[in-house]
Amino acid sequence: MQKTTTENYCNDPFNRSRNVTNEIQVGNISIGGQSPIRIQSMTTADTMDTQMSVDESIRMIQEGCELVRLTAPSKKEAENLAEIKKRLLKEGYNTPLVADIHFTPNAAEIAAKHVEKVRVNPGNYADKKKFETIEYTDESYSEALNRIEEKFTPLVLLCKELGTAMRIGTNHGSLSDRILSRYGDTPNGMVESAMEFLRICFKNDFHNVVISMKASNTLVMVQAYRMLVSIMKEQGMSYPLHLGVTEAGDGEDGRIKSAVGIGALLEDGVGDTIRVSLTEKPEAEMPVARKLLEKFNPEVYTPFSINVNSNKLPYNPFYYKKRESNSVDNIGGQNVPVVFADLSKVKTIKPSHFFGFGLNYSVPLDKWNLTDLAADIVYIGEQQLNVKLPGTLKVLCSYSNWKKNFVKRPGFYPLVKKSEASLIKQNSVFFIKHNAEDSDTSYLTKFPNAIVVLDTQHSNKTQLYRHIHLSLAKNKLKNPVIICSQPAVEDPETFQLWAASDLGSLLIDGFGDGVWLRGNQTTQQINNTAFGVLQATRTRISKTEYISCPSCGRTLFDLQETTSKIRSKTAHLKGLKIGIMGCIVNGPGEMADADYGYVGTGPGKIHLYKEQIVVRKNIPEENAVDELIALIKENGDWTEPKTS
Ligand code: SF4
């Protein structure tokens, strides 16, 4: 394995700066270098259905898709790309097309003649996937590499001759048995899988190449891209990167998960093209991608400039480890991150104000019911509180309000300014506001029980908070830290995307014992975003996770409808991961992380999986959701939904 150094995974972890890659040409657009970050997506139509593929491509292009990818599972689809290209040109659309290849080198060689870019998956281009663990000696491993070179070189030479670009697209879920045997199911294995192919391109002096390292798990995805950047830098390479989270799902969860993974890397200055992959119509992806990219528009970015004297990072960018903090009143330490509800702007606080924060009060029963998305702490600022609250909910208020009204009430805490900290009795628990532009945290040594609430109005929150992470580490401080975000946008979808991007990178780096989101959106939108970000970074699991593919020309059933049917019956199974995949070719590999899988095997036929093992085969589609539920019950993972 090549050398990686934690310091060179991006240009500057403390000041956002774009990692400038080689500029490559894909048809009439450039990718990398100083080119804008490109938006791309993939059709869901059968590539043999020329009219549907053309119509879908046009809808995507009209929404802002700059590269349209189509699946080419065999030679006939690869041939039909010529017809699709011709029709699009006739309609006045010269957007570059990309052929998506799995398993079929001869389809790739045909497609390379008709489209501007070919995407190959190094996990299955030359290696066959049999889910076997084979012990490789150095000799047998190097023989396997020679075989790859023999199969892959003709495509490289053809692309070089024709001026066709290539994406080496590694997927966490479809690593070859060979890579898995040697490197395991790791970011390291993903990087090596791409590097084996990249070295062949390099050897043949072919550089019109983009690389991707997609995964459904955002931690694995971010670590793999970071590791790739570091290794390429070590080797003097600088190929552009295409970013995406695979099988992100649909709706709010799909958007938040994509924004966490893609946003974390864009905060690092890494990424030249993106795909927000959703289990929805492909044209729905472009507006979401545009809203996310708007956050990285230099014109809306007002950073606070940070001078850092040390290049020693307080975290390992390639490996998740939570920052070590003390547990103060169940915040920090090994506790899951807490979620804040902000009611400081509400004049008269009533039980109904808590509804959006997952705390429901039943008047006839005179009882609180806490959902799985119940906030942990409410901030009331200067307001009065004449409501009897559930015992688990902590209350935070301004120092003056606390002093005057709540000093003796257990579960009530003051939020103090730095200048007020000395007014609090030593060793009592309190929250302290720390402005992230102030890099001096040494005063906290006197307050080991202070919970730090980190905030800033500047756009470079990720970098500023990271700088505080460094300062706390230098001063050997273990105070729990709450990270705040208040994206200055009105649109709820943009709010979700920007908040996920602000906080995702920090949580992936192990920083943050709680999140506090504020905005003009509804309390439910704010609360769902906070819990969604924690779920997407796997730091607090509060709901079922759906690993559903975005669908493509191989899809054998209506993914959107099936996902929503499965969701409606299983959404209460907190912590379970359910894979919903359109085809048997890539589905099982790509949902490798799931506890249960629902995979299309033929028209109207479904296989069900328990982890990676097929346990029910060829079930008629109309019975498959019920069979899935029966399977979950048999394995003891079912609970009945709560009735309230
Ligand atoms: S898993 Fe889904 S997106 Fe991937 S190839 Fe199969 S149908 Fe297409």
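This is a predicted model: local features need pLDDT of at least 70, side-chain atom pairs count only at pLDDT 80 or more; totals for chains, interfaces and linings use all residues.
I started with the largest nonpolar core, which has 154 residues, and Ala-111, Tyr-225, Leu-228 and Val-533 have the most contacts inside it. By nonpolar core I mean a set of buried Ala, Val, Leu, Ile, Met, Phe, Trp, Tyr and Cys residues joined through C-beta atoms within 7 Å. Buried is 20 or more other C-beta atoms within 10 Å of a residue's own, exposed is 12 or fewer, partly exposed is in between, and C-beta atoms are placed from the backbone. Helix H7 (residues 218-234) gives this core its largest share, eleven residues. Domain 1 (6-300) and domain 2 (338-536) both contribute residues, so the core lies between them.

Numbering runs from 1 along each chain as its sequence is written.

Next I looked up Ala-111. Beyond its neighbours within four places in sequence, I found it in contact (C-beta atoms, placed from the backbone, within 7 Å) with Ala-72, Ala-78, Leu-81, Ala-99, Ile-101 and Val-118.

Then helix H13 (residues 523-536). Helices (H or I, at least four residues) and strands (E, at least two) are DSSP runs, numbered from the N terminus. I checked the length of H13: its 14 residues at 1.5 Å a residue should span 20 Å, and the end C-alpha atoms are 20 Å apart, which agrees. The expected span is 1.5 Å times one less than the number of residues. Eleven of the 14 residues are buried, so H13 is largely enclosed by the rest of the structure. Its buried residues pack against H7, H8 (251-267), S11 (338-342), H12 (492-508), S20 (514-517) and S21 (545-548). Just after H13, Arg-538 has a positive phi of about 60°.

On to the domains, with bounds from an automatic or database domain assignment. Besides domains 1 and 2 there is domain 3 (545-634). Over C-alpha atoms, the centres of domain 1 and domain 3 are 25 Å apart. I get 26 residues of domain 1 in contact with 21 of domain 3.

Last, the ligand. It has 13 residues around it, and Cys-549, Cys-552, Gly-582, Cys-583 and Asn-586 come nearest. A residue is near if its C-beta atom, placed from the backbone, lies within 6 Å.

Notes: Two residues are in contact if their C-beta atoms, placed from the backbone, lie within 7 Å.
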